[in-house]
Amino acid sequence: MTSFNNNTDNKPGYFGQFGGMFVPELLVPALKQLEQEFNDAQKDPEFQAEFTALLSEYAGRPTPLTLTRNMVKNPKVKLYLKREDLLHGGAHKTNQVLGQALLTKRMGKTEVIAETGAGQHGVATALACALLGLKCKVYMGAKDIERQQPNVFRMKLMGAEVIPVTAGSGTLKDAVNEALRDWSANYDKAHYLLGTAAGPHPFPTMVREFQKMIGEEAKVQILETEGRLPDVVIACVGGGSNAIGMFNDFIEDESVKLIGVEPAGKGLDSKEHGATLCKGTKGLLHGAYTYIMQDDFGQIEESYSVSAGLDYPAVGPQHAHLHETGRAQYVGIEDDEALDAFQTLAKNEGIIPALESSHALAYALKYAEQQTQETILVVNLSGRGDKDLAHVQTVLAEKGAK
Amino acid sequence: MSTNNRYQTKFEALLANKQGAFVPFVTIGDPNAELSFEIIKSLIDGGADALELGIPFSDPVADGPVIQKANIRALKANSNTDVCFEILKKVREYNKDIPIGLLLYSNLIFARGLDKFYLDAKQAGVDSVLVADIPLHESKLFRASAKMAGIDPIFIATPNANNDTLKTCASYGRGYTYLLSRAGVTGTDTQAVMPATSIISKLNEYHAAPSLLGFGISTPEHVKSALDSGAAGAISGSAVVKIIEDNLAEPITMLSELKDFTQKMKAATL
């Protein structure tokens, strides 16, 4: 059995057998520099103070924890939403981008390269770069540019250059490839501001550390309101940054069930989904050993989801580890179920969620119906749905026409 | 170290004749299996000293646009690792002596199983394997499987490497050392800029295998300056693959141009 991290090796950047730094040699010095700066910054009170100040004064932390009033019909269940949709930028992405942008400055670099799927990470990167005076280049799949027009405009308004990627499937995977190519030519002056808790070490650890306040706040808030820990914490998983940010502080609390919701697209038994942990196999992509979607020869398969932000054929290595050890459970939600939850939340609670977050919500609603005991659920509402309005309108019109 | 090493034999012969090595790269199966074999033959007939061959991959992050397209063409023509090994066997039959190196991405090896991949490669007549996305510090299992199968593991000496890294590169590598002329991805848009002299002398000091300079090598002048800087030879990829791309509709022209190009580049090593 192949294992890249034996117990005797115990290398940094591994989560059990998963993770690592599988990149061309050329990128290793840049990643090691980043690892060093990140480790130093974690111990630097000045850096932490600046990060915390930006989070509260600029981004609007802490975000509220909202008890839903009308949506859950089962009287035994209380469903709380962690409102990352209310964060500046419209999604949880802003948290970790501020952290990485500060690190960019700390490293003396003047430019930022980023990839984006739904455009939320691109928007977050663009706003942080505008704020901190960094030059910003965002790679985005041509197909994603089409379905996320408002976010493309937002990025441009904030001074970012958006570069369409037509290679491959024209989605997030191809945007990551292109960003890595750019970085390997420009690592001297540019930081690659990866948007999720995936990729090579130190990204999965760094992004988690810059997102973990989601779960820490939620824990304090639920203890204040309910006087006890929740029974279940639910988050959607594409690359996995909002989920790991939500899960991290609950991993040690074994009574709390952790559920990651993957995009099942047109069905887990179809070829059209992005449910890497539910249906994928182990392999190496974008710098990490993790679960990926691939054929028998190791060619990467194209993922599919109605939500651009979950449309990715790999997953963060810590999620692979939580899946392997059984600490977290990963399930699939299909496009239609997510679209239903999107509308349900709007109608019942007056909140329009991102299609990504709608996956977590859809599973929570299914789960809520089945409970016979008093149950407290916390869903990470990772982003708001403004960016999805045109796309959902089109999809619903097509459905109506059928 | 593998016995009867084709690289060693070749480098010794070149040294005796005061020549450098010219090594062309193409993606196996591009644009299809049949023509790919003819393409590789024309490189050998043109006087290539060794071959660097890619197994196509869906996500070649270290490659620029020209080689990306070659990967896509090969995959569209249903190339895969099995098909590539069949072509490699035919190439080895065609020429028993030329050193053959594979350049590919780690997931293709992992998906087949590391030991099986290296054994199959050995059986297909492959001498070395360079894994584009496996840096030195993650290479342990790949080196172990390569050693077991008698394949030379190739590592990349980069312009940004410190002395410790170059030392490790020298100690892990066999066959030859792939010397990067510059940062970035493969391609001819950005030419080789590095005076590689200082890295080469470091590598020599650490007893590394002979260096072949790659990335941005597209003219006989590039080959000459690679040799002048102390490299044992030069690798040219995107410039070769561009000839394939430009002549997809005219296979006969394609093959003769590939042979001509190889001859011209080889002539610069004399």
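In the predicted model, the rule finds one salt bridge across the interface of chain A and chain B. This bridge pairs Asp59(B) with Lys173(A), whose closest N and O atoms lie 2.9 Å apart. Polar contacts across the interface of chain A and chain B comprise 18 residue pairs, counted where both residues are at pLDDT 80 or more. On the side of chain A that touches chain B, at least two residues each come from β2 (18–22), α1 (28–42), α7 (172–186), β11 (281–285) and β12 (287–292) of chain A, and the largest share, seven residues, is supplied by α7(A). By class, that side of chain A holds 19 nonpolar, ten polar and nine charged residues.

The contact draws 38 residues from chain A and 39 residues from chain B, and the area buried between the two chains is about 3100 Å², with carbon and sulfur atoms giving 56%. Within chain A, the most area is lost to chain B by Glu25(A), Arg181(A) and Phe297(A), which together account for 25% of what that side buries.

Over all chains, the count of salt bridges comes to 39. In chain B, Arg6(B) is bridged to Asp127(B), with the closest N and O atoms 2.6 Å apart; the pair links distant parts of the chain, 121 residues apart, with Arg6(B) in helix α1 (residues 6–16) and Asp127(B) in the loop between α6 (114–123) and β4 (128–131) of chain B. Arg6(B) is partly exposed, at a relative accessible area of 24%, whereas Asp127(B) is buried, at 7%. In chain A, Lys387(A) and Asp388(A) form a salt bridge at 2.7 Å between the closest N and O atoms, and their relative accessibilities of 2% for Lys387(A) and 1% for Asp388(A) class both residues as buried.

Technical notes. Residues are numbered from 1 along each chain as its sequence is written. Chains are lettered from A and ligands numbered from 1 in the order in which they are written. This is a predicted model: local features need pLDDT of at least 70, side-chain atom pairs count only at pLDDT 80 or more; totals for chains, interfaces and linings use all residues. Side-chain values use heavy atoms; hydrogens and water are left out. Contact means heavy atoms within 4.5 Å. Buried area is the accessible area (1.4 Å probe) that two parts lose on being put together, summed over both. A salt bridge is a side-chain nitrogen of Lys or Arg within 4 Å of a carboxyl oxygen of Asp or Glu. A polar contact is a pair of N or O atoms within 3.5 Å; within protein, one must be able to donate a hydrogen and the other to accept it, and residues adjacent in sequence count only if both atoms are side-chain atoms. Helices (H or I, at least four residues) and strands (E, at least two) are DSSP runs, numbered from the N terminus. Ala, Val, Leu, Ile, Met, Phe, Trp, Tyr, Cys and Pro count as nonpolar, Asp, Glu, Lys and Arg as charged, and the others, Gly among them, as polar. Buried means under 20% relative accessible area, exposed over 50%, partly exposed in between (1.4 Å probe, protein chains only).
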